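Student: I have a structure open and would like to learn how to read it. Could you take me through some of its features?

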Amino acid sequence: MPTDLDIAIIGAGAAGLMASIFAGRSAASPGALQIAALDGAAKIGAKILVAGGGRCNVTHDVVTPDDFFGGNRNQVTKVLRSFTAENTVAFFEELGVTLKREETGKLFPTTDDAQTVLDALLRAAGEARAELRVGCRVERVDRGGDAFVITTSLGELTARRVVLATGGKSLPKTGSDGHGYTIAQSLGHTVTATTPALVPLVLPKGHWLTTLSGLSLPVELTLSSASGKVLRRDSGPMLLTHFGLSGPVVLDISRHWVAEHASDPACRLTANLLPDDDFNSLDHRLQKSTHSQPRTPVIAVLRRLLPDRLAVLLLARHATIDPALPMAQLSKEDRRALAHALTALPLPVERDRGYLFAEVTAGGVPLSEVDVSTMASRRCPGLFLCGEVLDVDGRIGGYNFQWAWASGRLAGIHAVKSLL
Ligand SMILES: Cc1cc2nc3c(=O)[nH]c(=O)nc-3n(C[C@H](O)[C@H](O)[C@H](O)COP(=O)(O)OP(=O)(O)OC[C@H]3O[C@@H](n4cnc5c(N)ncnc54)[C@H](O)[C@@H]3O)c2cc1C
């Protein structure tokens, strides 16, 4: 039966654009196959444009399977090896986008402008003769004989192969609203429960830390179960905001907090505000200060360790110690309470900020339902899956795009190979 398209790629975000480019490049000759990416959004690439604060953190200079969660390590490794961070750098260089490495290891375009990245991808898709259809939301996909029948907001069409690159549920206004999961399920897949990830965390209204909105400081966060078992430690900058907590280290630990909190609501998140110290080393330092600076007020000692506003509020609102108290008069009990507050400050998170503010989605179609050497579905012949619709989510730092580039490329190449 003649079909409208050889390959329909549903979703033209990072993974879908990559699939389009490599499907087009893999065809026997330019335009030999009818390839189109269908995207429900009116404008392509909204998420690429907002990424990295508008600069697009394209990848990271060191990418390992341990930077990802969800899918099985070996399967993630296989996909990442097929297209490494070095390959990403070379690929974008070939498209005319030079990447620079920042101190954190994150790679950004030298233009510091995400538009450069999006423009290059759109140009490459055009050169590969992959068509982009915008404002074309896919409502359903049915298998009819050897082909797929795709019902879209612009009408019905048929395709021999489908690449599902619909992303997750995060930032739904960009077009990824989770409908891709429904499509995957209708084609025989399961979907692991989804939760927001890389998401800011909300403290109780009026919590004293929220009055320090705008303050950023390096911390080590620890997530423990109600029984006290340490489940996860992450270090990096924490940003205090009017609602609670954000910044890289909070976003990184958020998916673990969300998952643990669902089954253990009494789990605890604490911050070591002096990550180079632990309770014992800090208590020892404070004890030394009581001898070496007996007349110095507690607040003066604290101001040397912490940003001023934080030092004042920590004493007043958390430790309830008189800031003017000379160090020599600090009781052992108060000194230990202070050391505890500084190295294990309780962060009584109430909830996460939801998909509207999450950068990615944890959960999705399990990798076990996909052949990771081709990204072909093991449940539905002719279907390929890539990007965030799969149950893989990365740390902050360019890892999620690296997953999208690598898995999208594989899906595009093998969708074509499967036709030859
Ligand atoms: C604010 C923000 C900042 C981020 N910054 C970074 C960063 O700097 N570095 C990094 O690595 N990652 C970053 N991420 C994560 C990264 O953007 C995603 O992991 C990545 O975009 C996932 O790519 P994808 O192609 O799988 O999905 P998406 O980029 O979400 O693309 C999915 C596409 O499918 C379309 N679509 C969905 N459903 C349908 C349908 N039914 N019919 C038709 N089209 C449909 C959508 O319109 C969309 O265009 C950020 C995310 C956010 C929200």
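Student: Which strands form the open sheet, and in what order?

Tutor: Strands here are DSSP runs of E with at least two residues, and helices are runs of H or I with at least four, numbered from the N terminus. Two strands pair if DSSP finds at least two bridges between them. In this predicted model, three strands form an open sheet with antiparallel pairing, in the order β3-β6-β5. At the edges are β3 (59-60) and β5 (99-101), each of which pairs on one side only.

Student: How many bridges join β5 and β6?

Tutor: Three bridges join β5 to strand β6 (residues 106-109), in the antiparallel sense. To see this on screen, look for R101, which stands opposite L107 in β6.

Student: Before we go on, how should I treat the numbering and the values?

Tutor: Residues count from 1 along each chain as its sequence is written. Because this is a predicted model, local features need pLDDT of at least 70 and side-chain atom pairs count only at pLDDT 80 or more, while totals for chains, interfaces and linings use all residues; side-chain values use heavy atoms, leaving out hydrogens and water.

Student: Is Q75 buried or exposed?

Tutor: Buried means under 20% relative accessible area, exposed means over 50%, and partly exposed lies in between (1.4 Å probe, protein chains only). Q75 counts as buried because its relative accessibility is 19%. This residue lies in helix α3 (residues 73-82). Contact means heavy atoms within 4.5 Å, and, leaving aside neighbours within four places in sequence, Q75 is in contact with L367, S368 and V372.

Student: How many aromatic pairs does a search of the whole structure find?

Tutor: Rings of Phe, Tyr and Trp (its six-membered ring) pair if their centres lie within 6.5 Å; planes under 30 degrees apart are stacked, over 60 edge-to-face, and the rest tilted. The search finds eight aromatic pairs. For F22 and F91, the ring centres are 5.6 Å apart and the planes meet at 40°, so this pair is tilted. It links distant parts of the chain, 69 residues apart: F22 is in helix α1 (residues 14-26) and F91 in helix α4 (residues 85-94). Both F22 and F91 are buried.

Student: What about F68 and W403?

Tutor: F68 and W403 form a tilted pair, with 6.3 Å from centre to centre and 50° between the planes. F68 belongs to strand β4 (residues 68-70) and W403 to helix α12 (residues 399-417), 335 residues apart. F68 and W403 are both buried.

Student: Which residues form the aromatic cluster?

Tutor: The cluster is made up of F22, F83, F91, F92, F401 and W405.

Student: Which charged ends sit over rings?

Tutor: A charge sits over a ring if NZ of Lys or CZ of Arg is within 6 Å of the ring centre and within 35 degrees of the ring normal. R143 has its charged end over the ring of F148, 4.6 Å from the centre. Likewise, the charged end of R409 sits over the ring of F22, 5.5 Å from its centre.

Student: How many residues surround the ligand?

Tutor: A residue is near a molecule if one of its heavy atoms lies within 4 Å of it. Here 36 residues surround the ligand, and the closest are A15, D39, V138, E388 and F401. A polar side-chain atom of D39 lies 2.6 Å from a ligand oxygen atom. For V138, a backbone N or O atom lies 2.8 Å from a nitrogen atom of the ligand.

Methods:
A polar contact is a pair of N or O atoms within 3.5 Å; within protein, one must be able to donate a hydrogen and the other to accept it, and residues adjacent in sequence count only if both atoms are side-chain atoms.
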